[in-house]
Amino acid sequence: MSRSVLLHVQYLLGIGHLQRSLRIAGALARDGITVALVNGGPPAPELAADPKVRVVQLEPVRAHDASFALVDDAGQPIGDTLRARRREALLAAFAAARPDAVVIEGFPFARRAFAFELDPLIAAAQAATPRPRVICSVRDIIAWRDDPARHRAIAERVCRDFDAVLVHGDPKLISFEASFPAAPDIADRLIYTGYVYEAEDVLSAHAPTPTLPRKRGRENLGSAGEDHRGAEVVVSAGGGAAGAALLNAALAARWDGCLADAPWRLLTGANLPEAEYAALCRSAPAGVTVERFRPDLPALLRHCQVSVSQAGYNTVLDILLARARAVLVPFAAERETEQLMRAERLAALGAAVLVRESDLSPATLATAIERAAARQPARVMVNTDGAANSARIIAALIDGCPVGYLAAKTGKAMIGQ
């Protein structure tokens with residue numbers, strides 16, 4: 001039976017949202033489902049879509065900086081004219097796709113500034129015959145707000161307009177309720193998929209799924225006895241839009257003598273401004289390599305002496321599955337809490353050394369790096385079959401499988417540390 005999915009994703013600073021959505025879209029395509037992925041952020045050439053996935057590029061909107069002020073591709077504040085053009089393009093993509101399911105990344109838990117196009121998309125889906133399933137796709141942790149009224153409003157919106165919420169995480173590691181206290185109010189729609197992760201040289205953990213039971217599996221890579229002394233110190237800044245402070249502190253720590261006998265590699269990300277990238281290249285001493293991007297980052301981390309990074313979704317998975325000695329400096333500008341919550345959890349488990357962004361300096365970072373280098377990180381096992389699980393769950397929803405059945409089956413399938 002031919003099936004079609006429209007997947008909407010909007011990233012603002014880091015490219016993790018787009019990367020996760022591309023992986024899910026690829027898994028859907030490999031299962032024979034027609035996929036149109038609508039990207040509302042700038043194109044990301046470093047991320048390749050599956051050839052079978054049709055990518056629809058809206059006029060790009062991004063965050064100007066950590067304040068999350070929305071700007072267009074020219075860096076100008078967005079206006080009603082751009083909003084109208086994007087809304088029309090998104091509805092045209094919906095009409096062309098004639099989807100059996102509409103998957104919206106983040107909304108209504110996040111991306112509320114994009115209600116101007118997402119509300120009409122949801123309305124179009126509800127008015128269509130046959131009516132497609134409307135599904136939210138959300139990462140393990142959302143930005144936490146101490147606002148019960150807002151939590152209730154989001155839960156009410158989910159119950160009114162969404163058939164299911166796919167949480168791309170493992171509740172044995174971090175439950176969705178930790179960042180969204182109203183999760184029990186949508187328990188009948190909440191389905192954990194496992195973490196969405198892909199790497200050519202990493203064997204995927206296979207957990208049982210609602211539609212295709214499989215052998216229980218666990219990801220726990222890396223050698224506990226391996227000696228990494230003399231290997232690289234890898235400093236990575238994700239997409240790079242908010243990584244300048246970390247990169248500069250790391251370079252200063254290296255100048256001050258931190259693990260100076262080891263080679264260092266700074267990965268700035270594609271979105272670090274060119275002037276800041278050039279300044280890092282000029283100031284890097286002998287033994288320090290500065291690069292924009294490495295597609296083989298998971299392999300680099302498996303053999304590094306220490307990984308220094310923020311605590312984004314994909315970066316943390318790379319670290320855990322490489323079992324790297326790690327220092328996490330979570331992005332926490334404005335009211336961002338997602339990375340801090342993830343880093344605190346891993347630090348509590350003994351899987352990483354935490355440096356809060358407010359405490360970041362060359363000295364504090366050097367101390368953390370040396371501490372991480374001197375110890376073996378704790379074992380943490382997570383389900384990483386989230387892309388394949390998401391594809392099977394979406395297909396099952398299209399085929400009419402009850403959400404409650406899927407939620408119960410996946411909840412039992414998750415694995416923890």
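# Briefing: loops, buried residues and helix packing

Arg-111 sits in the loop between β6 and α3, where helices (H or I, at least four residues) and strands (E, at least two) are DSSP runs numbered from the N terminus. The model is a predicted one, in which local features need pLDDT of at least 70 and side-chain atom pairs count only at pLDDT 80 or more, while totals for chains, interfaces and linings use all residues. Residues are numbered from 1 along each chain as its sequence is written, and side-chain values rest on heavy atoms, with hydrogens and water left out.

**Overall make-up**

- The protein contains 12 helices and 15 strands.
- It has 417 residues, and 56% of them count as buried; buried means under 20% relative accessible area, exposed over 50%, and partly exposed in between (1.4 Å probe, protein chains only).
- Among contacts (heavy atoms within 4.5 Å) with a separation of 6 or more, 75% are made by residues 24 or more positions apart.
- The accessible surface comes to about 16600 Å², and carbon and sulfur atoms hold 53% of that area; areas come from the Shrake-Rupley method with a 1.4 Å probe, and for residues only the protein chains shown count as cover.

**The loop between β6 and α3**

- This loop, which runs between β6 (101-105) and α3 (115-127), contains Pro-108.
- A cis peptide bond links Phe-107 to Pro-108, with omega about 10°.
- Phe-109 belongs to the loop between β6 and α3 as well, and Phe-109 is buried because its relative accessible area is 4%.
- Phe-109 touches residues beyond four places away in sequence, including Cys-136, Val-138, Ile-142, Arg-150 and Ile-154. Val-158, Val-165, Phe-176, Phe-180 and Ile-186 are also touched by Phe-109.
- Phe-109 and Ala-153 lie 44 residues apart in sequence, and their C-alpha atoms are 9.9 Å apart in space.
- Arg-111 has a positive phi, near 60°, and is not a glycine.
- Arg-111 counts as buried because its relative accessibility is 16%.

**Other backbone features**

- The peptide bond from Thr-129 to Pro-130 is cis, and its omega is near -5°.
- Pro-130 lies in the loop between α3 and β7 (133-139).
- Arg-323, which is not a glycine, has a positive phi of about 50°.
- The position of Arg-323 is in the loop between α8 (313-322) and β14 (326-328).
- With a relative accessible area of 11%, Arg-323 is buried.

- Arg-189 is in the loop between β8 (164-168) and β9 (190-192).
- Its relative accessibility is 18%, so Arg-189 counts as buried.
- The side chain of Arg-189 reaches the backbone oxygen of Phe-162 at 2.9 Å. This is a polar contact, defined as a pair of N or O atoms within 3.5 Å; within protein, one must be able to donate a hydrogen and the other to accept it, and residues adjacent in sequence count only if both atoms are side-chain atoms.
- Leaving aside residues up to four places away in sequence, Arg-189 touches Val-158, Cys-159, Phe-162, Asp-163, Ala-164, Val-165 and Val-403.

**Leu-251 in helix α5**

- Leu-251 is part of helix α5 (residues 244-255).
- Leu-251 is buried, with a relative accessible area of 4%.
- Leu-251 touches Leu-266, Leu-280, Ser-283, Ala-284, Pro-285 and Val-288, with residues up to four places away in sequence not counted.
- The C-alpha atoms of Leu-251 and Val-288 are separated by 8.6 Å, and these residues are 37 apart along the chain.

**Helix packing**

- Two packed helices are described by the angle between their axes and the distance between the axes. Axes are lines fitted to C-alpha atoms, for helices over the stretch in contact, with angles from 0 to 180 degrees between N-to-C directions.
- The axes of α1 (residues 16-30) and α11 (residues 386-398) come within 8 Å and cross at roughly 60°. α1 is therefore oblique to α11; angles under 35 degrees count as roughly parallel, over 145 as roughly antiparallel, 65 to 115 as roughly perpendicular and the rest as oblique.
- On the α1 side the contact is made by Arg-23, Ile-24, Ala-27 and Leu-28, and on the α11 side by Ala-387, Ala-388, Ser-390, Ala-391 and Ile-394.
- α3 packs against α4 (residues 148-161) at an angle of about 30°, with the axes 12 Å apart. That angle makes α3 roughly parallel to α4.
- Asp-119, Ile-122 and Gln-126 of α3 make this contact with Arg-157, Arg-160 and Asp-161 of α4.
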